[in-house]
Amino acid sequence: MKYQSQSIALVYFAVALGLFAIQVSGGLLLGWIYVSPNFLSEILPFNIVRMLHTNSLIVWLLLGFMGAAYFVIPEESEREIHSPLLAYIQLAIMVLGTLGVVVTYLFNLFEGNWLLGKEGREFLEQPVWVKMGIVVAALIFMYNITMTVLQGRKTAITNVLLLGLWGLTLLFLFAFYNPSNLALDKMYWWYVVHLWVEGTWELIMASVLAFLMLKLTGVDREIIEKWLYLIVATALFSGILGTGHHYFWIGTPGYWQWIGSVFSALEVVPFFGMMAFAFVMVWKGRKDHPNKAALLWSLGCATLAFFGAGVWGFLHTLHGINYYTHGTQITAAHGHLAFFGAYVSLNLAIFSYAFPILRKRDPYNQVLNMASFWLMAGGMTFMTFVLTFAGTVQTHAQRVQGDYFMDVQDAITIFYWMRFGSGIAVVLGALLFIYAVAVPRKEIISPSDKQPVAAE
């Protein structure tokens, strides 16, 4: 650890991993409810568990991004974080808001109250007071890291990371605008949801991946920065107007069907670029870096993101196909693999790289860490195929033949059983990962020779 303030990242990563465990456990519970619909229905209804599952996903990913920024920016800027105290205050606000959300959802508090109660917008159900807290925390964060960058060295990695994080922060402000017109509501809702995951988050992903490639492969910075700028250009070019593939059926003008189809089809390009970038950098570098687990997660992130966000997104993004598939299990298949590949794996990659450094140890428990990758990646890939087959059957039976929704659900129950099985693999992999990074072998790095020695 070159800079003392990088230790801030360790606390963020620890909280993120705790929420990660809760999130995947909630997903497993949801998978069981699909095959046993009345399970805990009086205590934890499906809609409440789903809100907790999706909201905890968003929060722990954001905490991971913030922790990654606190780890990456000191090294790139060659200076300490502007204010470590502000970083901890920001984290306290995020944790308080998260606890407030959980209590509000579980006990259905303040129902109907516009300020204190939950809202009815998917992924943005947080009460207004929590949203205000998120904005305050985000502005503290952006001030802190922006001042750090402005006072230190500027690199392509810090520039792109700042652009992505500022975009993330400003776009969240649309979460406060909830017009009564449903078409307008959905338009502004997608400004947050789409332009996060298919816009600003891609910039964060590209910059953190570039940092990992720089450290793990030893390739010259100039080469990595050229790739980074190319990926960012294609991500912004395709992603902004690619928002149109969400406008097909919400009441917007018909020209969005063509704009959305064309530009969202191009969204596969930046994800292919990131996959090619990762593998080319490893091939060019030929560096035998000791942290094999971080390298595996980095390559896995780029590969699974390409298939989940790129290929599976393209499968149903053209409006002629989306007319039939929209809102089926095909959407769920795409969403699960895309999020896991692009952002879950990215966070787990930077965790794998940073934890040994932050805890002043050699890379440890690498076999367990890599086993957790194959468990989670294998489970999520199998889940994606299962949901794709389920969605194909659902599309034909429900949208083509016109069968009733619940009749179709009964017909595809076998796929839900298989999804539950794959969910068990994902949860086991997640717990194994947490153990691998949190419970290292007793090795330390001696200050004198920087070599690992056995602890007394």
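# Reading the helices

Modeller: The cover over the buried residues of α8 includes α7, α9, α10 and α11 (319-325). This is a predicted model.

Colleague: Which residues of helix α8 are buried?

Modeller: In α8, residues 255-265, they are Trp256, Gly260, Ser261, Phe263, Ser264 and Ala265.

Colleague: Why is Ser238 called buried?

Modeller: The cut-off for buried is under 20% relative accessible area. Ser238 has 1% relative accessibility, so it counts as buried. This residue is in helix α7. Leaving aside neighbours within four places in sequence, Ser238 is in contact with Phe263, Leu266, Glu267 and Pro270.

Colleague: Pro270 is in that list. Which residues of α9 are buried?

Modeller: Pro270 is one of them, along with Phe271, Gly273, Met274, Met275, Phe277, Ala278 and Met281. They pack against α6 (182-217), α7 (221-241), α10 (292-315) and α12 (329-358).

Colleague: How do you know what span to expect for α9?

Modeller: The expected span is 1.5 Å times one less than the number of residues. Helix α9, residues 268-285, has 18 residues, and the expected value is 26 Å. From first C-alpha to last, α9 reaches 26 Å, close to that expectation. After α9 comes Arg286, with a positive phi near 50°.

Colleague: Why is α5 called largely enclosed by the rest of the structure?

Modeller: Of the 16 residues of α5, 12 are buried, and therefore the helix is described as largely enclosed. Among the buried residues of α5 are Ala156, Ile157, Thr158, Val160 and Leu171. Their cover includes α2 (46-77), α4 (128-150), α6 and α7.

Colleague: Is α5 roughly parallel or roughly antiparallel to α6, and what makes it that?

Modeller: The axes of helix α5 (residues 156-171) and α6 come within 9 Å and cross at roughly 160°. That makes α5 roughly antiparallel to α6, because angles over 145 degrees are placed in that class. The crossing is left-handed. By class, the contact of α5 with α6 has 18 nonpolar, 4 polar and no charged residues.

Colleague: What angle do α10 and α13 make, and what is that arrangement called?

Modeller: α10 and α13 pack at about 10°, with axes 9 Å apart. That makes α10 roughly parallel to α13, because the limit for this class is under 35 degrees. The residues of the contact of α10 with α13 divide into 11 nonpolar, 7 polar and 1 charged. On the α10 side the residues include Ala293, Trp297 and Trp312, and on the α13 side they include Asn369, Phe373 and Thr388.

Colleague: How do you know whether Asn369 is buried or exposed?

Modeller: Asn369 has 3% relative accessibility, so it counts as buried. It lies in helix α13, residues 366-400. Not counting residues up to four places away in sequence, Asn369 touches Ala293, Trp297, Ser352, Phe433, Ala436 and Val437.

Colleague: What makes Tyr12 count as buried?

Modeller: Tyr12 has 0% relative accessibility, so it counts as buried. Tyr12 lies in helix α1, residues 8-35. Apart from neighbours within four places in sequence, its contacts are Leu63, Met66, Gly67, Tyr70, Ala87, Gln90 and Leu91.

Colleague: How far apart are Tyr12 and Leu116 in space?

Modeller: They are 27 Å apart, C-alpha to C-alpha, and 104 residues apart in sequence.

Colleague: Why is Phe123 called partly exposed?

Modeller: Buried is under 20% and exposed is over 50%, with partly exposed in between. The relative accessible area of Phe123 is 22%, so Phe123 is partly exposed. Its place is the loop between α3 (84-107) and α4. Phe123 is not a glycine, yet its phi is positive, about 75°.

Colleague: Where is Lys360 found, and what is its phi?

Modeller: Lys360 is in the loop between α12 and α13. Its phi is positive, about 55°, although Lys360 is not a glycine.

Notes:
Residues numbered from 1 in each chain as written. Predicted model: local features only at pLDDT ≥ 70, side-chain atom pairs only at ≥ 80, totals over all residues. Heavy atoms only, no water. Helix = DSSP H or I, 4+ residues; strand = E, 2+ residues; numbered from the N terminus. Buried < 20%, exposed > 50% of the residue type's maximum accessible area, 1.4 Å probe, protein only. Contact = heavy atoms within 4.5 Å. Axes fitted to C-alpha atoms, helices over the stretch in contact; angles between N-to-C directions. Parallel < 35°, antiparallel > 145°, perpendicular 65-115°, else oblique. Left-handed = near helix turned anticlockwise from the far one by under 90°. Nonpolar A, V, L, I, M, F, W, Y, C, P; charged D, E, K, R; others polar.
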